[in-house]
Amino acid sequence: MSRKDFWPLLFITLGIAVFPIVAGGSEYSISLLVFLGINGLTTMGLSLLMGYAGQISLGHAAFYGIGAYSSGILTTKYSIHPLIAFLAGIFLSAIVAFLVGKPTLRLRGHYMAVATLGFGEILFILFNELSPLTGGPSGLSGIPALTFLGQPIEGSAYLYLVWAFVILVLIFSLNLINSRVGRALRAVHGSELAANAMGVDASRYKVQVFVVSAIYASMAGSLYAHFVTFISPSSFSLMFSILLLMMVVIGGTSTIWGSLLGAAVLTLLPEYLRAFEDFDVLVYGIILMVVLLFMPQGILEGLRGFMERKRGSQSKSHE
Amino acid sequence: MSRTGIGPSPIDFPTKMTFTSQLIQFLFTGLTLGSIYAMVALGFTMIYNATGIINLAQGEFVMLGGLVIVFFTMILKIPLPIGFALTVTLVTLVGALFERLAIQPLKNASVITLIIITLAGSILFRGLAMFLWGKDPYALPPFSGGNPWHFMGASLQPQIFWILVITVLVVCGTAFFFNRTLVGKAMTACAFNPLAARLVGIDVQRMVLLSFALSAAIGAIAGVIITPITLMDYERGPLLALKGFSAMVLGGLGSGAGSIIAGFIIGILESLGAGLISSGYKDAIALLVLLAVLWVKPSGLFGSAEASELKKF
């Protein structure tokens, strides 16, 4: 973690801490922030994968689903403690990510995108078809809420729980970026050939970061399952994978902060687009298109560039 | 307007069928599906060859084709042949517009950016279709009425005949275009080497535009001919695109003939899998083929390993 990351981190921590008090703790605003945190967990992993390892994944809804279904199935059908179910989800996601990542990460660009897309769709079909376990298309209900010392964790307590994960994962990721692994990943992104020549085992690092991102997604999925208490395959479809990828791209892949910003924008945007009713997907598509065309580096870099230009023109007018 | 919730099965199954007649039934269902995958794959190949882009909005052209023809023939009551032509023209324009507004401004963009922009395009088209047509599936009557034909105990809808004939026409037309016309040869030249093509005076940008327009047209044709069998709704695009892409990869990236044969192979595998194994997993078959090919032999069945090394992947 570098020094410049400290202030935004403190800002987010304090912001979340005081939010339920300032906003009066309305259930709607708190649940929005919970979803934002859950999406942010997944997008941070994708950001590591895309921005630092230069690999694209269109199948992360699958890992999110593995986490959610592990928590859901183990707690409802086998009465296993949520914490163990949570860890089981992480374990399963990591293994699947390793097995899938190993052959897939050798591919590049379009091939990698479509291979992960295919993988995600296969998992989506499994969630639908393994109905004795998953409840099939009609879903799995009655997932217990989390408890702490016998007290259910709900409302602002759940908000704190989710964001504790977000902040821990954020700190872990920032440290990862500035570690030996992070430097190796950036070298791979710059030029895989050059990185290999310098003795960086590119494919090993790529698989590692793929597994890490799958673990983040699985954690998010488990937290999602316990929050909404009902899950069905439609939450883990191709569309969600694309949405996650869009969050990362819209926010910007140059830093991990961009992925959080993107998660915030695309989690909150549909709420504002409700006013458009049937237009919403259309307006959503147009906004995505415009951002991609005019801020190809993402909103974060776009804003930074805008500020710098403004500052530049101001200092010129002073002369 | 006739709207139905559940699609008719592609083929009416007689109650008593021998195994042979079942196989024939599955084979024809497979050929029908395969035609559509082959056309989607052909559309992918066309754009890929001219630009090196995989247009992930390719399935949306098929979806638009199906929904636009329903609008022309069922609401405006335009006769089918004219409606067909109008539909293809309109979707072709959409494809050209997409290239001009979204692809062309992104000169020298990275592969990831190009993937994302075509994905955003696909969301945009879906949003547009959902706004204009709503979420319900639409039906279109078959091109010609008449009873199903009986062939060795299998019963086949006349629409299958239309689909196969039109697919063959499209494939032959495309082959003729690329091998026998000057514009087609110019496009092939762009695929081989854009810089060299520019040096001999070919307008590469116009060829890119043309490739998007043509592949939108092929997508629209596929959408029009399949709608009487499977119905059409705004969400149909992504899975079609994924299966078409599977066909393209199986056939060998950039190989037109390869992707058409692979389209038929995937269609037949899918219909055999649905009939003999489980209908719930039928969509997984094409995807398993895709992953198997990508993991084991990324150059595909008909592509050379050397050529796939040269591709921008």
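Leu64(B) touches Val91(B), Val94(B), Phe125(B), Ala129(B), Ala220(B) and Gly223(B), leaving aside residues up to four places away in sequence; two residues are in contact if their C-beta atoms, placed from the backbone, lie within 7 Å. The model is predicted, so that local features need pLDDT of at least 70 and side-chain atom pairs count only at pLDDT 80 or more, while totals for chains, interfaces and linings use all residues. Residues are numbered from 1 along each chain as its sequence is written, and chains are lettered from A and ligands numbered from 1 in the order in which they are written.

Leu64(B), together with Val40(B), Ala41(B) and Ile221(B), touches the most other members of the largest nonpolar core, which has 196 residues. A nonpolar core is a set of buried Ala, Val, Leu, Ile, Met, Phe, Trp, Tyr and Cys residues joined through C-beta atoms within 7 Å. A residue is buried if 20 or more other C-beta atoms lie within 10 Å of its own, exposed if 12 or fewer, and partly exposed in between, with C-beta atoms placed from the backbone. The most residues in this core, 17, come from α10(A). Helices (H or I, at least four residues) and strands (E, at least two) are DSSP runs, numbered from the N terminus.

Chain A contains 14 helices and two strands. Of its 319 residues, 48% count as buried. The C-alpha trace of chain A spans about 70 × 55 × 40 Å along its principal axes. The radius of gyration of chain A is 20 Å, which agrees with the value near 20 Å for a compact globule of 319 residues; the radius is taken over C-alpha atoms, and the globule rule is 2.2 Å times the number of residues to the power 0.38. Among contacts in chain A between residues at least 6 apart in sequence, 76% join residues at least 24 apart.

Most residues other than glycine have a negative phi. Ser79(A), in the loop between α3 (60-77) and α4 (82-104) of chain A, has a positive phi near 50°. Ser79(A) is exposed, because 9 other C-beta atoms lie within 10 Å. Phi is also positive, near 60°, at Thr229(A), which is found in the loop between α10 (202-228) and α11 (238-251) of chain A. Thr229(A) has 14 C-beta neighbours inside 10 Å and therefore counts as partly exposed.

In chain B, helix α10 (residues 256-276) has 21 residues and reaches 30 Å from its first C-alpha to its last, close to the 30 Å expected at 1.5 Å a residue. The expected span is 1.5 Å times one less than the number of residues. The buried residues of α10(B), among them Ile260(B), Ile265(B) and Glu270(B), pack against α1 (19-51), α5 (158-180), α9 and α11 of chain B.

The contact between the chains takes 33 residues from chain A and 34 residues from chain B. On the side of chain B that touches chain A, α4 (111-133), α9 (237-251) and α11 (282-296) of chain B each supply at least two residues. The most come from α4(B), with 15 residues.

The model scores ipTM 0.82 and pTM 0.87. Chain B has a mean pLDDT of 84, and 91% of its residues reach 70 or more; pLDDT is the predictor's confidence in each residue, from 0 to 100. Over residues 1-10 of chain B pLDDT stays under 50. Where pLDDT is low, the predicted coordinates should not be read in detail.
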